[in-house]
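The following note sets out numbered points for a colleague who is examining the model. Please read each point with the structure displayed.

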Amino acid sequence: MSRVRVLVGTRKGAFLLSSDGKREKWDVSGPHFAGWEIYHVKGSPADPNRLYASQTSGWFGQIIQRSDDGGKTWFQPGTPPGEPTTAPGGMPKGESNKFVYDTSAASGKPLTTHQFYDGTQHPWEFKRVWHLEPSHSDPDTVFAGVEDAALFRSTDGGISWHELAGLRGHGSGPRWQPGAGGMCLHTIIQDAKNPNRIYIAISAAGAFRTDDGGNTWRPINRGLKSQYIPDPEAEVGHCVHHVAMHPSRPEVLFMQKHWDVMRSDNGGDSWHEVSGDLPSDFGFVIDVHAQEPETIYVVPIKSDGEHFVPDGKLRVYRSRTGGNEWEPLTRGLPQRDCYVNVLRDAMAVDSLDSCGIYFGTTGGQVYASSDAGDSWAPIVRDLPAVLSVEVQTLP
Amino acid sequence: MIRVILPPHLRALARVSGEVLLDVQGQATLRSALDALEVSYPMLRGTIRDHSTQQRRPFVRFFACSEDLSQEPPDTPLPHAVASGDEPFLVVGAIAGG
């Protein structure tokens, strides 16, 4: 029977939640990296035992952790203790927590300032890794979305990282700006059918697409309207919170923007709003059912000033029509006195026949549904605030 | 040998439970002590000093013999009592927040 492993990043450590295919009884492992912020943990589709984790701290900076045994043991990829820190010839060896922006002439000297909160230009400064996206085909290849926004790639299992500088080299960098959470690249989606096509999203710049494996990028924000920026229909500057895609239909994208739930049917070339009858179209997460490409999920949040669910009720909304028509899913979720948020990377779906949906809250609950959202039960109730949730479907 | 006391999170990263002992070649300075620490424990690179600038991270402080050495230039010799191993060199995570 298949199993599932839910990978949870929290403000104070990582937790691994495991169950069989019934998804009724759970084993909880953790905290791993106790006391550290774990922005994201994700497994390799090519080798489910290969996990990557982003571990960060305001004191001690960025750490990359890797497991080769499904999370039983972890290590920092890189130079073993006692070995020289430089290779023959004096070049520094790769270091798994070293993210250096590419300013070389060979990469076109990407622009190194962006718009700051006060409207002035500000230099790019690395802060942390928000999202790790392992390659579909190679366990040693993994992408990292970082703050300040840029895309990095490792092809040696996380030992060393190199920026895909064409993204910042697009030229629109001076119009990118940080959202309330910082200027982060938080979404990385690989096209399952075309390895040269990758989508990314940045708060607050918008969505971008490459069709040449990451060398060149273009913004894909036509149709987005953001009343809070000087030009509501600008090419860049939109606060995109998350984007989701069904692997069988890579031309179709769903977006939870700061406000507005959006849909594209042409790989992001244009977008149209599908917020429909949602009680609020502000939110962070969005995801797609594993077997039904037109079934999507969001968790409406009251507003950008009140980051909690409306009316004290935790409701996941499901649309079976690819948007516009939404139904609240409430069975098993608190329907009074609930004021949690669900952050942008904190929802995931498994690929079992009866699709499992998972999400974590800032109140430390991780909820699971084994029936595509019809009913829910908490796996755990009292973790630190949940930053991210991923799930692996295992044989 | 130089004795180094790390903050708990860095001890966890380095997988040590107590003091760290370092053999520092030549004169013991802030820089040479931290270089030796990072050779023995490469998982600590970037956690105390910035990778590129080698500047101390803002919320990390250095103490020895009841003195705050955090603002000293990196080539400042460590106190004799630290170089001789009589007193430890402390890497401290600053108290920040409420």
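1. In chain A, four strands make up an open sheet whose order is β3-β2-β1-β29, with antiparallel pairing. Strands are DSSP runs of E with at least two residues, and helices are runs of H or I with at least four residues, both numbered from the N terminus. Two strands count as paired if DSSP finds at least two bridges between them. The edges are taken by β3 (27-32) and β29 (386-394) of chain A, each of which pairs on one side only. On average, neighbouring strands of this sheet are turned by 15° against each other, direction ignored; the axes are lines fitted to C-alpha atoms, with angles from 0 to 180 degrees between N-to-C directions.

2. The model is predicted: local features need pLDDT of at least 70, side-chain atom pairs count only at pLDDT 80 or more, and totals for chains, interfaces and linings use all residues. Residues are numbered from 1 along each chain as its sequence is written, while chains are lettered from A and ligands numbered from 1 in the order in which they are written.

3. Within the sheet of point 1, strand β2 (residues 13-20) of chain A is joined to β3(A) by four bridges, and the two run antiparallel. In this pairing A:L17 stands opposite A:V28 in β3(A).

4. Chain A also holds an open sheet of three strands, in the order β4-β5-β6 and with antiparallel pairing. Because β4 (37-43) and β6 (61-67) of chain A each have a single partner strand, one side of each is left without a neighbour in the sheet. Neighbouring strands of this sheet are turned by 15° against each other on average, direction ignored.

5. Six bridges connect β4(A) with strand β5 (residues 51-57) of chain A, the two running antiparallel. Here A:E37 stands opposite A:T56 in β5(A).

6. Chain B contains three helices and five strands, which follow the pattern β-α-β-α-β-β-α-β along the sequence.

7. What are the overall dimensions of chain B along its principal axes? Its C-alpha trace spans about 35 × 25 × 25 Å.

8. Of the 98 residues in chain B, 30% are buried, that is, 20 or more other C-beta atoms, placed from the backbone, lie within 10 Å of the residue's own.

Note on methods:
Buried ≥ 20, exposed ≤ 12 C-beta atoms within 10 Å, placed from the backbone.
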